[in-house]
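The account begins with the overall architecture and then turns to selected parts.

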Amino acid sequence: MTHRPSLASAAIREFGSVRSLAEFVGQPPLVSRAIEIDQSMIDRFAQLTYDSQWIHIDGARAAAQSPYGQTIAHGFLVLSLLTCWQASCIAFPGAALVLNYGFDKIRFTAPVRSGSRVSASFALATVAEPRPGEARCAWQVAVAAEGEPRPAVHAEWQIMVRYAEPA
């Protein structure tokens, strides 16, 4: 059974204003807590999205025919966990609204095998302030499974943060 990961963390970095975000541009990435992506999670995602490709849900066939020797997570499952990973290491106190603004680039560069513990790193590349108290942030994200030689996902994630009280 998959359990919801605890989002409590002593390492949560708070961004309480557009200025605090702008000052963080170019700093080392923030790293999330790891989440286990097990077969139960993969099966539930397959059911929810109607994506029942054998490489995700048929362990026997994946063991026999997949180049990975077992089932792997859907790329979109891994991508969908970004908000959870983000919440484990980043907070926006005082924000009235935080929106997923989209992606400029996504690459799935390695498989995530069933049972992997996976985390994400978030490096803030740019911040624009189109209106007072509103930040358009571009985050360079890398998602990696523990023990794997390279990240599974690279993404340029756009997030809009609107603060209740412009600083």
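## Overall architecture

The secondary structure of the protein chain consists of six helices and eight strands. The model described here is predicted. Read from the N terminus, the elements follow the order β-α-β-β-α-α-α-α-α-β-β-β-β-β. The C-alpha trace spans about 60 × 30 × 25 Å along its principal axes. Of the 167 residues in the chain, 40% are buried. Among contacts between residues at least 6 apart in sequence, 71% join residues at least 24 apart.

A record also describes part of this chain. An unreviewed UniProt entry carries the annotation "domain: MaoC-like" for residues 24-123. In the model, that span is 35% helix and 29% strand, and its end C-alpha atoms lie 9 Å apart.

## The nonpolar core

In soluble globular proteins, nonpolar side chains tend to be buried together. The largest nonpolar core of this model has 39 residues. Within this core, the residues with the most contacts are Ile 37, Trp 85 and Trp 139. Several helices and strands give two or more residues to the core: helix 1 (18-24), helix 2 (39-49), helix 5 (75-80) and helix 6 (82-87), together with strand 3 (35-37), strand 6, strand 7 (134-145) and strand 8 (153-163).

Trp 85 touches residues from several stretches of the chain. Leaving aside residues up to four places away in sequence, Trp 85 is in contact with Ser 32, Arg 33, Ile 35, Val 78, Val 118, Ser 119, Ala 120, Phe 122 and Val 143.

Val 118 counts as buried because its relative accessible area is 0%, under the 20% cut-off. Apart from residues up to four places away in sequence, Val 118 touches Arg 33, Ala 34, Ile 35, Ile 37, Trp 85, Val 112, Val 143, Ala 144 and Ala 145.

Ala 138 is found in strand 7. Its contacts, again without residues up to four places away in sequence, are Ala 123, Leu 124, Ala 125, Thr 126, Trp 157 and Gln 158. Tyr 50, by contrast, is found in the loop between helix 2 and helix 3 (54-57).

| Residue | Relative accessible area | Class |
|---|---|---|
| Val 118 | 0% | buried |
| Ala 138 | 11% | buried |
| Tyr 50 | 77% | exposed |

Why does Tyr 50 count as exposed? The relative accessible area of Tyr 50 is 77%, and exposed residues are those over 50%, so Tyr 50 belongs to that class.

The backbone of Tyr 50 also deserves attention. Most residues other than glycine have a negative phi. Tyr 50 has a positive phi of about 60° although it is not a glycine.

Val 118 and Gln 27 are 91 residues apart along the chain, and their C-alpha atoms are separated by 22 Å. For Ala 138 and Gly 16, 122 residues apart along the chain, the C-alpha separation is 17 Å.

Methods
Residues are numbered from 1 along each chain as its sequence is written. This is a predicted model: local features need pLDDT of at least 70, side-chain atom pairs count only at pLDDT 80 or more; totals for chains, interfaces and linings use all residues. Side-chain values use heavy atoms; hydrogens and water are left out. Buried means under 20% relative accessible area, exposed over 50%, partly exposed in between (1.4 Å probe, protein chains only). Contact means heavy atoms within 4.5 Å. UniProt positions are given in the numbering used here, feature names are shortened, and annotations may be inferred rather than shown by experiment. Helices (H or I, at least four residues) and strands (E, at least two) are DSSP runs, numbered from the N terminus. A nonpolar core is a set of buried Ala, Val, Leu, Ile, Met, Phe, Trp, Tyr and Cys residues joined through side-chain atoms within 4.5 Å.
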